[in-house]
Amino acid sequence: LKKELSSFVVNLKHNFDVYIEQKDTLEKLTKENQFLKDKIEEIAIKYAICKDLKYFNKLNFPNIVFTQVISYASLPDFSQIYIDYNNSFNIPRGLVYNNLAAGIVIKNFKNYSLALLNSNKKTSYTVFIGKNEIPGIFYGKINKIKYIPKFKKVNIGDIVITSGLDKVFYKGAKVGIITEVVEKNLYQEAKVKLFYNDLNPNFFYVIERR
């Protein structure tokens, strides 16, 4: 009986030690598994960003700064974003993607800045229309060009570019194409189909100065 009891105690201790070892191993594997899951998510985010970056073209213009989007600024409004642009400025600065006018940067908060995309009603900048470079002012959200001289001929299909005269953009960033022209009493207005109208932005160039 003593032998059997002693053997039982030894086996019980052995099984208990095995259980504790397995429990520790399971906890260790669980922690390692969670660590790997977190790393995979981190890599997936970086991959998604890099995947989008391959469509982003390098521009060989002076005085432009590469910047990345941090987040939307005021959901559910997708037309306002925060970017990691940390230079102070006094007047709005142009925002371009692959030489397409995308919006304007309006306010700096030291380490980041607030930008308005073309889809925001407060976005505006000067443009040229067509090969004759007819001047006008683009207004966001409604996607209209206003204050076009009445005596200038604007055609459907004319290409619209930034004029650079407001010192917001350089001259030549592509804005869109004219789809409709409306005669007013003192001037003309034109509807424009934008070349850039992305609601999921990742990268831009900021026009620093001219």
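Predicted model: local features only at pLDDT ≥ 70, side-chain atom pairs only at ≥ 80, totals over all residues.
A salt bridge is a side-chain nitrogen of Lys or Arg within 4 Å of a carboxyl oxygen of Asp or Glu. Residues are numbered from 1 along each chain as its sequence is written, and side-chain values use heavy atoms, leaving out hydrogens and water.

**Salt bridges**

- Arg93 and Glu208 meet through their side chains in a salt bridge (3.7 Å, N to O). Arg93 lies in strand β3 (residues 93-97) and Glu208 in the segment after β12, so the pair ties together parts that are 115 residues apart in sequence. (Strands, E, at least two residues, are DSSP runs numbered from the N terminus.)
- Are these two partners buried or exposed? Arg93 counts as buried at 14% relative accessibility, and Glu208 is buried too, at 16%. (Buried means under 20% relative accessible area, exposed over 50%, and partly exposed in between, with a 1.4 Å probe and protein chains only.)
- Lys171 and Glu133 form a salt bridge at 2.9 Å, N to O. Lys171 sits in the loop between β9 (159-162) and β10, and Glu133 in the loop between β6 and β7, 38 residues apart. Lys171 is partly exposed at 45%, and Glu133 is partly exposed at 31%.
- Lys150 pairs with Glu183, their closest N and O atoms being 3.1 Å apart. Lys150 is in the loop between β8 and β9, while Glu183 is in strand β10, 33 residues away.

**Nonpolar cores**

- In soluble globular proteins, nonpolar side chains tend to be buried together.
- A nonpolar core is a set of buried Ala, Val, Leu, Ile, Met, Phe, Trp, Tyr and Cys residues joined through side-chain atoms within 4.5 Å. Which members of the largest core touch the most others? Among its 26 residues, they are Ile145 and Phe169.
- Elements giving two or more residues to this core include β4, β6 (124-129), β7 (134-139) and β8 (144-149).
- A second, separate core has 15 residues, among them Tyr85, Tyr97, Leu117 and Phe204.

**A patch on the surface**

- Ile70, Phe109 and Tyr112 form a nonpolar surface patch with about 260 Å² of accessible area together. (Patches are made of residues with over 30% relative accessible area and no salt bridge: like charges are joined within 9 Å, nonpolar side chains (Val, Leu, Ile, Met, Phe, Trp, Tyr) within 5 Å. Accessible areas come from the Shrake-Rupley method with a 1.4 Å probe; for residues, only the protein chains shown count as cover.)
- Phe109 lies in the loop between β4 (100-108) and β5 (113-117).

Technical notes: Helix = DSSP H or I, 4+ residues; strand = E, 2+ residues; numbered from the N terminus.
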